[in-house]
Amino acid sequence: MTTGDTAPTAIITGGGRGMGLATAAILGRDHHVVLVDLDRAVLDRAVEHLAELHVDATGMVCDITDRAAVDTVFAGAHTLGTPRAVVHAAGVSPSMGDAEAIVRINALGTVNVTEAALASARPGSALVNVASVAGHMMPRALLPTPVFRTALTDSHRMASRLTRIAELTGRGASGTAYSLSKAFVIWYSARMAAAFGARGARILSVSPGSFDTDMGRLEKKTGSEEMLRFAALERFGQPEEIAEVLAFCASTRPGYLTGTDILCDGGTRAGLTLAGLVAMARGR
């Protein structure tokens, strides 16, 4: 797409690198892309990279835990074109913060982006929230669904309560917070489907497994590489592979796809037994 073309916009949080940037390269074929990140230098490099691919992109610095900042991004996107697609890929992994930070960024940040996307939703628009295979690991009966529901009336209270639950696990609090926050993303995306549907729009989540990104490599020490022993495809996924899934889900083509989660983990969850989970927890 060349500058000056009339085209809808696609907002991609975490769009400065990894799977977010790879998704931007695909959606940018027929959208003006708005990349969102905390780091201006990262955004500038990403915009330059996309320009080499003939993709129109604008970088916007934003803290997704700040609802007002998120609203500013959506307002800015409106000045560039009609926001049609949102891919919410921003998030942190267990090695990147304590339980409070992980819940605040992954769970509260998702509420902020989802509410802003709903406010601007119109027929044909779509929001794709990035969850994780980790969100599928906790038995459904053990999920704190009543706490999840709190997000519908008081998202900050939800984040505080999830943090307290994670902190009960002691040294494993960051890992627990990550799993809980991503389980929340899956639950919340499904729960919000009716509200989006009332506007003729779609919302769903995509759960990646172990991918060869900066974040994925960082988590090798916490077991992302160990999980590949149970995968049908015994390798890390490539950012371009998950980007194809994200871009398709956010496009207009799967117009009947909403309120669900797409698990893209190379067959890891399918091959991970209870015994395997226990062995990983014991570090064997």
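1. Let's start with Arg17, which pairs up with Asp37 in a salt bridge, their closest N and O atoms being 4.0 Å apart. This is a predicted model, so treat that distance as a computed value. The two partners come from distant parts of the chain, 20 residues apart. Arg17 sits in the loop between β1 (9-13) and α1 (18-27), while Asp37 belongs to strand β2 (residues 32-37).

2. Are the two ends of that pair buried or exposed? Asp37 has 12% relative accessibility, and because buried means under 20%, Asp37 counts as buried. Arg17 has a relative accessible area of 39%, which makes it partly exposed.

3. Why would such residues pair at all? Side chains of opposite charge can do so when their charged atoms come close. In this model the count comes to six salt bridges, and a couple of others are worth a look.

4. Next up is Glu115, which forms a salt bridge with Arg67; here the closest N and O atoms are 2.6 Å apart. Glu115 is in helix α4 (residues 99-119) and Arg67 is in helix α3 (residues 67-80), so this pair ties together parts that lie 48 residues apart in sequence. Glu115 is partly exposed at 31% relative accessibility, and Arg67 is partly exposed too, with a relative accessible area of 27%.

5. Now try Glu241 and Arg235. They make a salt bridge as well, with 2.9 Å between the closest N and O atoms. Glu241 counts as partly exposed at 36% relative accessibility, and Arg235 is partly exposed with a relative accessible area of 40%.

6. Is Thr176 buried or exposed? Its relative accessible area is 18%, so Thr176 is buried, the cut-off being under 20%. If you skip its neighbours within four places in sequence, Thr176 is in contact with Ala166 and Thr169.

7. Finally, a word on confidence. The chain has a mean pLDDT of 91, and 89% of its residues reach 70 or more. Where does pLDDT stay under 50? That happens over residues 278-284, for which the model has eight contacts beyond four places in sequence.

Definitions and conventions:
Residues numbered from 1 in each chain as written. Predicted model: local features only at pLDDT ≥ 70, side-chain atom pairs only at ≥ 80, totals over all residues. Heavy atoms only, no water. Buried < 20%, exposed > 50% of the residue type's maximum accessible area, 1.4 Å probe, protein only. Contact = heavy atoms within 4.5 Å. pLDDT = per-residue confidence, 0-100. Salt bridge = Lys/Arg side-chain N within 4 Å of Asp/Glu carboxyl O. Helix = DSSP H or I, 4+ residues; strand = E, 2+ residues; numbered from the N terminus.
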